[in-house]
Structure formats: C-alpha cells, structure tokens
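Welcome! Please take a look at the sequence and the structure below, and then read on for a short tour.

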Amino acid sequence: MSLCPPFAPFFGFAGVASAMIFSTVGAAFGTSKAGIGIAGLGQFKPELIMKSLIPVVMSGIIAVYGLVVSVLIAGGLSSNYSLFAGFVHLGAGLACGFTGLAAGYAIGHVGDACVRAYVHESKIFVGMVLILIFAEVLGLYGLIIALIMNTRVASGAQVC
C-alpha cells in the first residue's frame with residue numbers, strides 16, 4: 001500500500017473543516033447565550049452594556065483560533081500528501097474544534113449568568129472576568145495542541 005494514497009487529502013480537509021466548524025459553532029453559541037444576558041441587563045441598567053460585552057468578545061476569539069488552525073492545515077496540503085499527514089491534520093483540527101466548542105459553551109453560560117448577576121451586584125465583575133479567562137484558556141489549549149501537531153507533520157512526514 002502506498003504511503004500517499006489519493007484519498008489522503010480528504011483527512012486534511014476534514015481537519016480544516018473540523019477546526020472551522022466546531023470552533024465557530026462554539027463561538028456562535030457563546031455569543032448568543034451571552035447576548036441574551038446582555039439584552040436582559042440592558043432593560044434595567046443600560047449604562048452597564050459596554051462593560052458586559054466582554055463575554056461576546058471572548059467568544060469571537062474562539063472562532064479566530066479555528067481560523068488560524070484551518071489556514072495552517074490548508075497551507076500544509078500539497079500534491080505529495082501522506083496518509084500520516086492527513087491523520088495528524090485531522091487530529092489537529094478536531095483538537096482545536098472541540099476545545100473551541102467547549103470554550104464557547106462555557107463562555108456563553110458564564111457570560112449569561114454573570115451579566116445577569118452584574119445587574120444586582122457590581123462586585124461580581126472581577127469574578128466574571130476571571131472565570132471567562134479560565135473558559136477561554138480551554139480554546140487556547142486546543143490551539144496550542146493543534147500547532148504542536150502541525151509542526152510534527154513537517155518533521156515526521158514521509159516523502160512520497
């Protein structure tokens with residue numbers, strides 16, 4: 001069996017799609033969930049809306065992580081693409097995508113709950129930011145793992 005079958009790029013493109021789709025779905029969920037909380041806050045204290053946009057911004061960063069990994073994987077696709085590279089790129093895309101999905105889910109729920117609590121108690125703002133940072137780091141870990149996996153393809157791939 002050849003090390004570079006014609007179907008090997010499919011797995012690389014599946015990694016590109018996984019990174020983009022799952023991280024974007026996570027970012028969309030986080031944005032929508034936190035946005036609902038902001039809409040509720042805006043009815044009672046409209047002056048707090050700008051400070052409450054932090055969860056929405058942090059959700060958008062999750063989508064950027066998926067975009068970065070997708071571009072890097074797509075840049076590694078070539079005419080002599082090995083099956084090893086395809087599977088590593090698929091794993092990298094899944095790592096970034098699923099952690100982005102989890103981070104967006106966490107940011108959405110934390111953002112919604114904390115923004116609603118912020119209406120009643122302003123001291124919760126610092127705690128909200130800290131918990132949001134912890135949730136954001138989940139996506140950052142996936143980005144780091146995907147970058148490490150992508151560098152392994154260049155060093156360990158067989159030439160076809």
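Predicted model: local features only at pLDDT ≥ 70, side-chain atom pairs only at ≥ 80, totals over all residues.

Residues are numbered from 1 along each chain as its sequence is written, and side-chain values use heavy atoms, with hydrogens and water left out.

**Helices H1 and H2**
- The axes of helix H1 (residues 8-44) and helix H2 (residues 54-76) come within 8 Å and cross at roughly 175°; axes are lines fitted to C-alpha atoms, for helices over the stretch in contact, and angles run from 0 to 180 degrees between N-to-C directions.
- Helices here are DSSP runs (H or I, at least four residues), numbered from the N terminus.
- The crossing makes H1 roughly antiparallel to H2 (angles over 145 degrees count as roughly antiparallel, under 35 as roughly parallel).
- Residues that meet across this pair (contact means heavy atoms within 4.5 Å) include Gly-12, Ala-19 and Ile-38 in H1 and Pro-55, Ile-62 and Ala-74 in H2.
- By class, this contact of H1 with H2 has 14 nonpolar, nine polar and no charged residues; Ala, Val, Leu, Ile, Met, Phe, Trp, Tyr, Cys and Pro count as nonpolar, Asp, Glu, Lys and Arg as charged, and the others, Gly among them, as polar.

**Helix H3 and its neighbours**
- H1 and helix H3 (residues 83-118) have axes 7 Å apart at an angle of about 5°, which makes H1 roughly parallel to H3.
- The contact of H1 with H3 holds 21 nonpolar, 16 polar and three charged residues.
- The axes of H2 and H3 come within 9 Å and cross at roughly 175°, making H2 roughly antiparallel to H3.
- In the contact of H2 with H3 there are 11 nonpolar, seven polar and no charged residues.

**Salt bridges**
- There are two salt bridges in the structure (a side-chain nitrogen of Lys or Arg within 4 Å of a carboxyl oxygen of Asp or Glu).
- Lys-33 lies in helix H1 and Asp-112 in helix H3, so the pair ties together parts that are 79 residues apart in sequence.

Key:
Helix = DSSP H or I, 4+ residues; strand = E, 2+ residues; numbered from the N terminus. Parallel < 35°, antiparallel > 145°, perpendicular 65-115°, else oblique.
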